[in-house]
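Please look at the sequence and the model shown here, and keep both in view while reading the report below.

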Amino acid sequence: MPSFDTVCEADLVEVRNAVDNTAKEIATRFDFKGTSAAVELKDKDITIFGDADFQLAQVEDILHAKLTKRGVDVRFLDKGKVEKIGGDKVKQVLKVKNGIEAELGKKIQRLIKDSKLKVQAAIQGDAVRVTGAKRDDLQAAMAILKKDVTDVPLSFNNFRD
């Protein structure tokens, strides 16, 4: 029976490369000389540091540009709130989304069920498996998901015929 998995996974190697490139650019830019502007990656958390909210926004813009250049969708980043860390310095944690949450999985199931296609969707951990009798139905289901789910970058893998 043909099937595919709907997942939400960022390429962590490219994320690390983008963070490293951002750190290099921060080190060489004149407007960041003598400031506490920095960016670091631990597990799936990117932490950006700065002297003020404005500087955090600048570092985040550089990070977004580097991620886009590396082919990583910026919708993978989940912004945390800005925290003061002493004096006038601030930091912000950006979490890299990995996996489909339960609410989104249910939304995907509902979209597929409401589409009246002859396919079934089942939540399996942090992925949603869609199975059907025909390849064309599966491709139609992919098109519906691409069109209707815009808040997270979905990818489709493990396509079996």
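Predicted model: local features only at pLDDT ≥ 70, side-chain atom pairs only at ≥ 80, totals over all residues.

Residues are numbered from 1 along each chain as its sequence is written, and side-chain values use heavy atoms, with hydrogens and water left out.

**Overall form**

The protein contains four helices and eight strands, where helices (H or I, at least four residues) and strands (E, at least two) are DSSP runs numbered from the N terminus. Read from the N terminus, the order of these elements is β-α-β-β-α-β-β-α-β-β-α-β.

The C-alpha atoms fill a box of roughly 60 × 25 × 25 Å when this is taken along the principal axes. The radius of gyration of the protein is 20 Å, whereas a compact globule of 161 residues would have a value near 15 Å; the radius is taken over C-alpha atoms, and the globule rule is 2.2 Å times the number of residues to the power 0.38.

Of the 161 residues, 39% count as buried, a word that here means under 20% relative accessible area, with exposed meaning over 50% and partly exposed in between (1.4 Å probe, protein chains only). The accessible surface of the protein comes to about 9400 Å², and 49% of this belongs to carbon and sulfur atoms; such areas come from the Shrake-Rupley method with a 1.4 Å probe, and for residues only the protein chains shown count as cover.

Contact means heavy atoms within 4.5 Å, and among the contacts between residues at least 6 apart in sequence, 60% join residues at least 24 apart.

**Charged side chains**

The protein has 29 positive and 27 negative side chains, and the centres of the two sets lie 3 Å apart. In this count Lys and Arg are positive and Asp and Glu negative, while His and the chain ends are not counted; the place of a charge is taken as NZ of Lys, CZ of Arg, CG of Asp or CD of Glu.

A salt bridge is a side-chain nitrogen of Lys or Arg within 4 Å of a carboxyl oxygen of Asp or Glu, and by this rule the count comes to 12 salt bridges. The table gives some examples.

| Salt bridge | N to O distance |
|---|---|
| Arg29 and Glu25 | 3.6 Å |
| Asp73 and Arg75 | 2.8 Å |
| Asp148 and Lys147 | 3.7 Å |

Aspartate 73 is partly exposed, with a relative accessible area of 27%, and arginine 75 is partly exposed with 34%. In the remaining pair of the table, aspartate 148 is partly exposed at 33%, whereas lysine 147 is exposed at 62%.

Aspartate 137, which is found in helix 4 (residues 135-148), is buried yet has no salt bridge, and the nearest side chain of opposite charge, that of lysine 134, is 5.3 Å away. Not counting residues up to four places away in sequence, aspartate 137 touches Leu117, Lys118 and Val119.

Valine 59 lies in helix 2 (residues 53-69) and is buried, with a relative accessible area of 0%. Apart from neighbours within four places in sequence, the contacts of valine 59 include Thr22, Ile26, Phe32 and Phe49. The C-alpha atoms of valine 59 and glutamate 25 are separated by 9.6 Å, although the two residues are 34 residues apart along the chain.

Glycine 105 is placed in helix 3 (residues 102-114) and is buried, with a relative accessible area of 1%. Residues up to four places away in sequence aside, glycine 105 touches Ile100, Ile123 and Val128.

**Two loop residues with positive phi**

Most residues other than glycine have a negative phi. Aspartate 43, however, has a phi near 55°, a positive value; this residue lies in the loop between strand 2 (38-42) and strand 3 (45-50) and is exposed at 73% relative accessibility. Lysine 116 has a positive phi near 65°, is found in the loop between helix 3 and strand 6 (119-124), and counts as exposed at 72% relative accessibility.
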